[in-house]
Amino acid sequence: MSLVTVFTQLMGGMGITVAIFLLTLLFSMPLGMLVVLLRMSANKVVSAIMMVYISIMRGTPLMLQIIVIYFAPYYVFHINISSSYRFIAVIIAFSLNYAAYFAEIYRSGFKSVPHGQYEAANVLGYNRSQTFFHIILPQVIKRVLPPVTNEVITLVKDTSLAFAIATAEMFTIAKQISAKEASLMPLMAAGLFYYIFNALVAWGCAWIEKKYDYYRI
Amino acid sequence: MKILEMNHIKKSFDGVGVISDISLSVNEGEVLSIIGPSGSGKSTLLRCATMLERMDGGDLVYLGRYAAREEDGRCVYASQQDLKEIKRNIGLVFQNFNLFPHYSVLKNIVAPQLIAGKTKENAESRAMELLKSLGLTDHRDKYPCQLSGGQQQRVSIARALALDPQILFFDEPTSALDPELTAEVLRVIKELASQHMTMVIVTHEMEFARELSDWIIFMENGYIQAEGTPKDLFSTDNARVQSFVGKLRA
């Protein structure tokens, strides 16, 4: 079995892996921002709910969360699960989970912007949303880029957890071929794929980081 | 004309009184300096005046308009819209500059003017004019991190002036600077005084306060312990003021 054949067989799975990755980023990054804003809100109840949410998302395995979100409609609400829900459940679970992590990263970013920046903006006549978008957010983005990169790289590898509800992402297929052919090669090929994928992600993030290098905080 | 009036200001943090009962007023073109030991409430007073801190009691009046008024023992602030308008009269220069690090020098001065509704063209020409008068023209495209502390403080003065405030507050503007840079910033403030800019300055620079001020307030423990013209205050019989001023001059 050649590497080329293996890659051809893995191809369909790669598409799903990349789709999980991109869709999760698309939803979890803004959702994380919403979570952190609620988490930092003056309303104690809202803030407490977000803390519980983050605590559960970080405190339980992602694999379990995927399973719960997939089966909950059936066991809790007695709705029949259609097969198209499988992929949707994966995206929901990943997005909710990663939003919690991103929220905490963003929070560290917000905390590290000196209070004087808010005060200067206030005295200069900026309203709340102008202060947030013009002054605070750009500085937060610069500060959180390194930890966000880390999290994004973890996400690439975490996509393999979708196998928990039999989503045919790449690693699941690699394991099937590996078992059938009694060879480690498909798994190694999968590993190579993750490595290249992550090298690209790291390169992209480094490029963005460099764009923010024009000033020091 | 009275630019600022503060009547019986009170402020405490978690039940600890920081400002007990302070009244002062500043006329147009006057320079008021506030001196006193650390922890005496000087900065808190300035933060109350610039509305970064909410007062617990007393009146705050700018150009005859009440920003806050004491009613039945409580301090009632004007509406958001009124406060916004009143705030336009106020400029504040911070001890640690608080420039926006992601903006160039020019943009630091231009951006707040755009927020205030000026056209880009007007904002930029005003900024360039200020940069020129403060000797910062060559630095217009640099970022705050590339400037010395003295230069940063001059930019932050330009940023405040660009909004044409009726009164400019300084919160220990030279405390983060070495003597050379301090001199550089004090020169700018003196220049403003000679142009009859109305200013309130919290400072530890005694000679500077003496030379520049029309009125000096000596604060301690949340009260005004002594006040007067520089001449009166520096030749006072008040032992506490004498020892404070003397120690700093020694």
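**Stop one: charges over rings**

Start by selecting K142(A) and Y215(A): K142(A) lies over the face of Y215(A), 4.7 Å from the ring centre. The rule for a charge over a ring is NZ of Lys or CZ of Arg within 6 Å of the ring centre and within 35 degrees of the ring normal. Hop over to chain B for another one, where the charged end of R54(B) sits over the ring of Y77(B), at 4.1 Å from its centre.

Some housekeeping: this is a predicted model, where local features need pLDDT of at least 70 and side-chain atom pairs count only at pLDDT 80 or more, while totals for chains, interfaces and linings use all residues. Residues are numbered from 1 along each chain as its sequence is written, chains are lettered from A and ligands numbered from 1 in the order in which they are written, and side-chain values use heavy atoms, leaving out hydrogens and water.

**Stop two: the sheet in chain B**

Switch to cartoon for chain B. Five strands make an open, antiparallel sheet in the order β2-β1-β4-β5-β6. Strands here are DSSP runs of E, at least two residues, helices are runs of H or I, at least four, and both are numbered from the N terminus; strands pair if DSSP finds at least two bridges between them. Colour β2 (16-27) and β6 (74-77) of chain B: these are the edges, and each has a single partner strand, so one side of each has no neighbour in the sheet.

Now pick β1 (residues 2-13) and β4 (residues 57-62) of chain B, which pair antiparallel over five bridges. For one bridge, show M6(B) with its partner in β4(B), L60(B). Contact means heavy atoms within 4.5 Å.

**Stop three: two helices in chain A**

Select α1 (residues 3-39) and α7 (residues 170-181) of chain A: their axes come within 7 Å and cross at roughly 155°. Axes are lines fitted to C-alpha atoms, for helices over the stretch in contact, with angles from 0 to 180 degrees between N-to-C directions. The pair α1(A) and α7(A) is therefore roughly antiparallel (over 145 degrees). Show side chains at the contact, including M14(A) of α1(A) and I173(A) of α7(A).

Methods. Angles under 35 degrees count as roughly parallel, over 145 as roughly antiparallel, 65 to 115 as roughly perpendicular and the rest as oblique.
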